[in-house]
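Visitor: Please show me the model, and then let us talk through a few of its local features.

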Amino acid sequence: MNWGEIQIESLKKMYLNNDNITVSQLENLKADKRYKTYLFAMPQACNEGIRKILSVKPNVKSYSLKYKEDINKYDLKKVIPKFKQLYDIVYNGNVVPSYHIEGDNILVIDNWKNIDENFTIYYESFHDLIKTDTNANTAIDLDRELVTLLPLYIAGELYKDDDIQQSTIWINEFENALTEVKQSMNTIISNPNMITTVYGVDW
């Protein structure tokens with residue numbers, strides 16, 4: 001689901017239209033007094049919804065760190081795009097070099113001799129902010145089952161002044177869905193037979 005689709009699905013919750021509105025109509029809808037106030041407020045509401053989702057299920061990605069001659073300190077915030085927080089490190093080779101973390105994001109590697117082998121960095125990434133000029137085709141970098149929750153949150157936040165009861169229903173649906181996601185994650189973590197640990201970091 002992209003940004004344009006999220007906007008349309010949010011509007012559909014707030015307006016029971018006989019006509020089927022589509023992403024291709026977004027620019028015209030922004031000029032329509034019935035819709036424009038909601039559409040211009042949607043970026044901030046969407047960013048809030050994304051933040052809430054990521055607080056439950058962070059966006060963990062991987063980065064392949066390659067050997068660089070005469071360098072033994074790597075500032076992960078500078079090396080890795082959108083780096084927010086380190087999760088784990090794996091060395092893809094036979095003899096693991098000595099390494100440790102300084103502070104929150106400085107990786108120090110000693111005796112990295114095999115230039116053909118690399119480290120895989122697992123990290124939480126920042127999400128790009130949605131802005132008023134964000135293209136409708138922009139993909140939202142969340143799992144499919146999570147991104148579909150955003151119209152619930154957006155409609156719930158923006159419809160408060162129109163119908164607080166309906167707004168509360170949508171927000172509760174959003175929060176309940178996040179609770180289910182959190183519970184499912186806790187189930188996996190608490191059952192070691194469901195996961196296999198393949199890497200680790202000594203701090």
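Guide: With a relative accessibility of 74%, Asp-70 counts as exposed (over 50% relative accessible area is exposed, under 20% buried and in between partly exposed, with a 1.4 Å probe and protein chains only). This is a predicted model, in which local features need pLDDT of at least 70 and side-chain atom pairs count only at pLDDT 80 or more, while totals for chains, interfaces and linings use all residues. Residues are numbered from 1 along each chain as its sequence is written, and side-chain values use heavy atoms, with hydrogens and water left out.

Visitor: What is the phi of Asp-70?

Guide: Most residues other than glycine have a negative phi. Asp-70 is not a glycine, yet its phi is positive, near 65°.

Visitor: Which value does phi take in Asn-111?

Guide: Asn-111 is exposed, with a relative accessible area of 59%. Although Asn-111 is not a glycine, its phi is positive, at about 60°.

Visitor: Are the rings of Trp-112 and Phe-119 stacked or edge-to-face?

Guide: The structure holds ten aromatic pairs (rings of Phe, Tyr and Trp, the last by its six-membered ring, with centres within 6.5 Å; planes under 30 degrees apart are stacked, over 60 edge-to-face and the rest tilted). The centres of the Trp-112 and Phe-119 rings lie 5.0 Å apart and their planes stand at 90°, so the pair is edge-to-face.
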